[in-house]
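Here are my notes on the model you asked about, one point at a time. Have the view open while you read.

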Amino acid sequence: MAEQARRRLARMFEDHAPLLRGFFVRRGARQDAEDMVQETYLRLLRAHEGSGEPIANPEAYLFTVAQNLVREQAARRRWSTLPIEEIEGLGQSLASGECVEDAAEREQRSQHLQTLLATLPEHTRAVLVMQYRDGLSYKQIAERMGVSPHMVKKHVVRGLSVCRRAMAEPAGRP
């Protein structure tokens, strides 16, 4: 892509970034709005580079991509809530290393983890679900979510860090 066209798209994106951010926030993506704004821009650049021709109406394309991201997020939200039974493996991997837990303590940890997962940002929760429940690699998750494998790793590290800290604390503590 010519440098001039890239600069023109960057300027257009800078002008529209606050509008996109608001668009995502109004549709329930408050925590992920900034990531979604950046992903919108990346998709715009990829489409512009891939087609070899300038996009006829980049502003319209930008908001079409944004709407598609909102739909993708809604679809992920529908399947990202895990039943307690399915996250028991994740809970055990995050446990403090106890070999044998009685059933009541295991159930309490599972409930605590389920509550904790529900508080994570949507992308982070979806990445953890795809990795631990579905057994997908970073590359596979990145392809499904339309982000880079590095971004997937960032979400895994962030999510596991939050989970480990919270699982180490007693359930009644904030």
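1. The largest pocket has 14 lining residues, and those closest to its centre are Asp 35, Gln 38, Glu 39, Val 147 and Met 151. A pocket here is an open set of points on a 1 Å grid over the protein atoms alone, where a 1.4 Å probe fits, with protein on both sides within 12 Å along at least five of seven lines; lining residues have an atom within 4 Å of a point. Its volume is about 180 Å³, counted as the space filled by probe spheres set on the points, which are joined across faces, edges and corners.

2. Before going on, keep in mind that this is a predicted model: local features need pLDDT of at least 70, side-chain atom pairs count only at pLDDT 80 or more, and totals for chains, interfaces and linings use all residues. Residues are numbered from 1 along each chain as its sequence is written, and side-chain values use heavy atoms, with hydrogens and water left out.

3. Which elements give two or more residues to the lining of the largest pocket? The largest share, five residues, comes from α2. By class, the lining has six nonpolar, four polar and four charged residues (Ala, Val, Leu, Ile, Met, Phe, Trp, Tyr, Cys and Pro count as nonpolar, Asp, Glu, Lys and Arg as charged, and the others, Gly among them, as polar).

4. Now for α7 (residues 138–145) and α8 (residues 149–168): their axes come within 8 Å and cross at roughly 105°. Axes are lines fitted to C-alpha atoms, for helices over the stretch in contact, and angles run from 0 to 180 degrees between N-to-C directions. The two helices are therefore roughly perpendicular (65 to 115 degrees). Tyr 138, Lys 139, Ile 141 and Ala 142 of α7 meet Pro 149, Val 152, Lys 153 and Val 156 of α8, contact meaning heavy atoms within 4.5 Å. Six of these residues are nonpolar, none polar and two charged.

5. Helix α6 (residues 122–133) and α7 have axes that come within 10 Å and cross at roughly 135°. On the α6 side, the contact uses His 123, Val 127, Met 130 and Gln 131; on the α7 side, Tyr 138, Ile 141, Arg 144 and Met 145.

6. Finally, the axes of α6 and α8 come within 8 Å, crossing at roughly 95°. That makes α6 roughly perpendicular to α8.

Technical notes: Helices (H or I, at least four residues) and strands (E, at least two) are DSSP runs, numbered from the N terminus. Angles under 35 degrees count as roughly parallel, over 145 as roughly antiparallel, 65 to 115 as roughly perpendicular and the rest as oblique.
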